[in-house]
Amino acid sequence: MSKVISSREEDYSKWYNDIVVEADLADHSAVRGCMVIKPHGYAIWEKMQGALDKMFKDTGHVNAYFPLFIPKSLFEAEEKNAEGFAKECAVVTHYRLKTDPSNKGKLIVDPEAKLEEELIVRPTSEAIIWNTYKGWIESYRDLPLLINQWANVVRWEMRTRLFLRTAEFLWQEGHTAHATKEEAIIETKQMLDVYAEFAEKWMAVPVIKGVKTESERFAGADDTYCIEALMQDGKALQAGTSHFLGQNFAKAFDVKFTSKEGKLEYVWATSWGVSTRLMGALIMSHSDDKGLVIPPMLAPTQVVIVPIYKGEEGLKKVSEVALVIKKKLQDKNISVKYDDRDTQRPGWKFAEYELKGYPIRIALGERDLAAGTVEIARRDLLSKEVIRIDDIETYVSKLLVDIQSNLYTKALERTQNMTHKADTYADFKKILDEKTGFVLAHWDGTAETEEKIKAETKATIRCIPLNNVAEQGICIYSGKPSTQRVLFARAY
RNA sequence: CGGGGUGUAGCGUAGCCCGGUAUCGCGCCUGCUUUGGGAGCAGGAGGUCGUCAGUUCGAAUCUGGCCACCCCGACCA
């Protein structure tokens, strides 16, 4: 064993970090809080991008790209948005370096090259985009405007963790403009549904759809909708957000349109995003102490074939059959890698592909050639089976579907088992400490109570679930009346 | 940003208290034997001891600054 990862039980956060690093997903970089996403990690992100991008386009959106820099005067236009992000902005103040006259070979910032106006490195793009939309929107005929961009953003976080919270991260941000409030709200909810569908169908990660409380709302939004997922350690992770921005940005940037009735009106806005944080959700939902587990629908390579042979002649014989199997699977749109490297032994390859999360491994040796069989190992259960080669493509196609649904079912059961109801504050605290996970409890609806519960227990209101049923009760903290339970958890 | 910890070869480490140019394992390279769960033997390469400065004849070792990472807080639309 050359690569050892900590067990989840022993040290969960070390386990997470080990998976990211040892499975070759990402690494710390020379820049504080910023990571290098390595090819294997980036390939998974590309699969996510591909699926999401198609869903965005299927719902009528198009891609565009806006600048990385936002002039300070634009950034501060929407007051709440500016205030919310001010503490974590990187700021460009100069545009040139020069050689240090007193220290040979070193560079200093040229004081002569100070910018007249500072540029903010975008922490989110509402400001620059709404400033641009102002010039694009004149009439109701220009609406709706449905644009997405794939980009990087920078938020100067104090404490970072690979994928979960990095100073620079990759994401997509959709920014739409609508003629009516109703249409903007429908858009906000539609994109939340897109995210939930992506999480559950592609990532095999069950999520709770809900709306944020006022104190957890996006700075500049009238409402923030979110999907929340529960990780294996019982902590919640916000996996995506969709904001109804009302007319806040339209007013801040003076974006008006002439309606059918000839009246000048402010447009209604939404924005929505998911980031490379989804990689963290994926890892913490399915992986085990042996390494990463990737759901087949997001696996860059779904099947790896490992030949077992003696000598060059042996490899040649095995390869002939292996390549036929590879072709058969590829014809079924399954991504396959045939690893015929002679530099590593089979056992080494088995361990490596398990660590990296390949869903299915096929081992093929001379013994199999004689019997017309292969050994198929599935990553999710770590089980092996010997099956006949004849109809392998049907078997593997079905197995990929099985693995995908098994991962989802396991994650769903875990989430359900870790979701509890609490009717008293004592019970609430006990569940958080002993069972962890989601806690559904009555809340009086005030920010004060929310704040006190957070200060005393570290649990926050993740969301008010959208599928909530009305239920009379009393707030676990204040004892005041409440009409529904909200979802609490300790979160990442 | 506050408290605590760590930093020695690609990785994990010994040495540090008590100053004299660095130990072991994995990995890497070459050769042979191997190949159905991280191979065996033999030989070999690889180090500004995180970084900068100070003390000293001499610093991995003592002192200080800085940087990075980990843990706990604060922060986290």
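What follows is a set of questions and answers on a predicted model. Residues are numbered from 1 along each chain as its sequence is written, while chains are lettered from A and ligands numbered from 1 in the order in which they are written. In this predicted model local features need pLDDT of at least 70 and side-chain atom pairs count only at pLDDT 80 or more, whereas totals for chains, interfaces and linings use all residues.

Visitor: What share of the residues in chain A is buried?
Guide: A residue is called buried if 20 or more other C-beta atoms lie within 10 Å of its own, exposed if 12 or fewer, and partly exposed in between, with C-beta atoms placed from the backbone. Chain A has 492 residues, and the buried share of them is 40%.

Visitor: Which element gives the most residues to the surface near RNA strand B?
Guide: A residue is near a strand if its C-beta atom, placed from the backbone, lies within 6 Å of it, and of the 40 residues around RNA strand B, Phe218, Gly347, Ala351, Gly365 and Arg367 come nearest. Elements that give two or more residues to this surface are α1 (12-22), α10 (346-356), β19 (360-365), α11 (366-371) and β20 (373-378), where helices (H or I, at least four residues) and strands (E, at least two) are DSSP runs numbered from the N terminus. With eight residues, the element that gives the most is α10.

Visitor: Which strands stand at the edges of the open sheet of three strands, and why is one side of each left without a neighbour?
Guide: This sheet has the order β4-β8-β5 with antiparallel pairing, two strands being paired if DSSP finds at least two bridges between them. Each edge strand has a single partner strand, so one side is left without a neighbour in the sheet, and these strands are β4 (69-71) and β5 (91-94).

Visitor: Which residue in β8 is the bridge partner of valine 91?
Guide: β5 and strand β8 (residues 114-121) run antiparallel and are joined by three bridges. Within β8, the partner of valine 91 is isoleucine 120.

Visitor: Are the residues on the two faces of strand β11 buried or exposed?
Guide: In the open sheet of eleven strands, whose pairing is mixed, the order is β3-β9-β10-β16-β13-β12-β11-β24-β27-β23-β22. β11 pairs in the antiparallel sense with strand β12 (residues 223-230) over four bridges, and two bridges join β11 to strand β24 (residues 460-465), also in antiparallel fashion. On one side of β11 (residues 208-211) lie Ile208 and Gly210, on the other Lys209 and Val211, and all of these are buried.

Visitor: At about what angle to β13 does helix α6 run?
Guide: Axes are lines fitted to C-alpha atoms, for helices over the stretch in contact (C-beta atoms, placed from the backbone, within 7 Å), and angles run from 0 to 180 degrees between N-to-C directions. Helix α6 (residues 181-202) lies across β10, β11, β12, β13 (236-246) and β16, and its angle to β13 is about 165°.

Visitor: Why does glycine 50 count as exposed?
Guide: Glycine 50 lies in helix α2 (residues 39-58), and its C-alpha atom is separated by 9.7 Å from that of leucine 298, which is 248 residues apart along the chain. Glycine 50 counts as exposed because its C-beta neighbours inside 10 Å number 12.

How values were computed:
Contact = placed C-beta atoms within 7 Å.
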